[in-house]
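Me: I have a model open and want to learn how to read its packing. Please take me through it step by step.

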Amino acid sequence: MSDQHSFETLAIHAGNTADPLTGAVVPPIYQVSTYKQDGVGGLRGGYEYSRSGNPTRTALEENLAALEGGRRGLAFASGLAAEDTLLRTLLTPGDHVVIPNDAYGGTFRLFAKVAARWGVEFSVADTSDVAAVRAAITPRTKAVWVETPSNPLLNITDIAAVAQVAHDAGARLVVDNTFASPYLQQPLALGADVVVHSTTKYMGGHSDVVGGALVVGDQELADELAFHQNAMGAVSGPFDAWLVLRGTKTLAVRMDRHSENATKLADLLTRHPKVSQVYYPGLPEHAGHDIAAKQMKDFGGMVSFRVAGGEAEALKVCERAELFTLGESLGGVESLIEHPGRMTHASVAGSLLEVPADLVRLSVGIENGDDLAADLTQALG
């Protein structure tokens with residue numbers, strides 16, 4: 001499909017070709033492990049074994065590449081499986097990576113507890129500060145890792161500026177685009193080399209699938225990643241791929257509603273006497289607001305805030321919420337509330353990435369915004 005089509009059109013049609021056998025408008029779930037060959041080495045469509053390739057996964061990968069404006073997309077069993085494959089493709093023992101000072105806890109754990117044992121070193125930097133990124137780079141730096149907006153403090157990194165710094169040092173820029181989604185932000189167009197997604201989140205959108213993805217614009221790197229994807233084997237299963245592919249079709253309309261509702265709640269929180277600080281890039285007072293407005297279509301569905309009463313009161317807010325479900329993860333149609341310090345970011349406790357104990361994170365869903373505002377108000381007490 002032509003990449004000249006609008007995002008909404010690509011989301012529905014890219015990779016979603018009608019089934020040639022029946023004309024079914026939705027790609028089938030090819031729940032199969034192996035394929036009949038037309039003679040030794042005579043592969044139909046290049047398929048021989050579903051770890052190496054599966055038509056349902058191919059449909060999703062083509063869709064992901066189109067939505068991010070990349071040359072190739074690769075689908076994995078989880079976001080961390082995608083990250084692990086990327087690290088082992090880009091790095092060798094002794095290499096160095098710059099990571100954010102507020103990265104997702106699972107990403108930090110992967111670097112600190114897994115990659116470090118393999119001999120990969122990392123430094124922590126405030127990636128919203130271009131000078132801090134430049135200062136953290138060493139002669140052995142092979143990658144700069146960015147989340148924007150970040151998890152859970154919603155910090156914003158200037159992708160184009162940091163891409164220039166990374167490339168000047170001979171390093172690649174990796175951008176975790178999970179919070180924004182390709183509908184709101186396209187890092188490859190801004191100079192990134194690799195885009196990472198937990199497709200569990202906004203791409204799937206319905207809290208019913210776990211998956212991950214990588215999208216790249218360089219063919220040589222795409223081939224290297226595809227080799228490691230097959231060699232390591234943490235691929236998306238066909239049903240999971242089908243669920244994510246179903247989710248991306250409605251990504252645009254969902255992100256519009258997520259952003260609308262999040263803006264309403266962020267405004268409410270800034271005026272609430274029991275809230276000491278609100279983190280949302282859509283707020284004019286947010287330190288990264290101007291950069292976010294430049295590189296994002298809208299500001300997304302994630303809001304974090306600090307409770308004036310401290311950790312104990314933050315926990316009570318989480319417990320009192322009714323429409324907001326107390327749970328980890330994010331990006332589904334239903335609203336979630338969590339305490340990062342005790343839940344998603346417990347793995348960074350005691351590190352440079354430790355989050356405030358009075359922090360609450362919201363994944364704002366697509367319910368009626370007034371209903372969500374009323375629930376949050378009663379939860380704050």
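**Reading the packing**

Reply: Start with α9, whose buried residues pack against α1 (7–13), α2 (55–68) and α10. This is a predicted model, where local features need pLDDT of at least 70, side-chain atom pairs count only at pLDDT 80 or more, and totals for chains, interfaces and linings use all residues. Residues are numbered from 1 along each chain as its sequence is written, and side-chain values use heavy atoms, with hydrogens and water left out. Helices (H or I, at least four residues) are DSSP runs, numbered from the N terminus.

Me: Which residues of helix α9 are buried?

Reply: Buried means under 20% relative accessible area, with a 1.4 Å probe and protein chains only; exposed is over 50%, and partly exposed lies in between. In α9 (residues 238–248), P238, A241, L243, V244, L245, G247 and T248 are buried.

Me: What does L60 touch, not counting residues up to four places away in sequence?

Reply: Contact means heavy atoms within 4.5 Å. On that count L60 touches A75, A241, V244 and L245, leaving out residues up to four places away in sequence. L60 sits in helix α2. Its relative accessible area is 2%, so L60 is buried. L60 and L243 are 183 residues apart in sequence, yet 9.4 Å apart in space, C-alpha to C-alpha.

Me: How do I read a pair of packed helices?

Reply: Two packed helices are described by the angle between their axes and the distance between the axes. Axes are lines fitted to C-alpha atoms, for helices over the stretch in contact, and angles run from 0 to 180 degrees between N-to-C directions. Here, α3 (residues 79–90) and α4 (residues 105–115) pack at about 45°, with axes 11 Å apart. α3 and α4 are therefore oblique to each other. Under 35 degrees counts as roughly parallel, over 145 as roughly antiparallel, 65 to 115 as roughly perpendicular, and the rest as oblique.

Me: And the nonpolar core?

Reply: In soluble globular proteins, nonpolar side chains tend to be buried together. A nonpolar core is a set of buried Ala, Val, Leu, Ile, Met, Phe, Trp, Tyr and Cys residues joined through side-chain atoms within 4.5 Å. The largest one here has 64 residues; L269, V303, F305 and L362 have the most contacts inside it. Helix α10 (residues 251–270) gives the largest share of this core, eight residues. A second, separate core of 29 residues includes V97, V120, W145 and A226.

Me: Is A373 buried or exposed?

Reply: Buried, because its relative accessibility is 12%. A373 lies in helix α13 (residues 369–380).

How values were computed:
Helix = DSSP H or I, 4+ residues; strand = E, 2+ residues; numbered from the N terminus.
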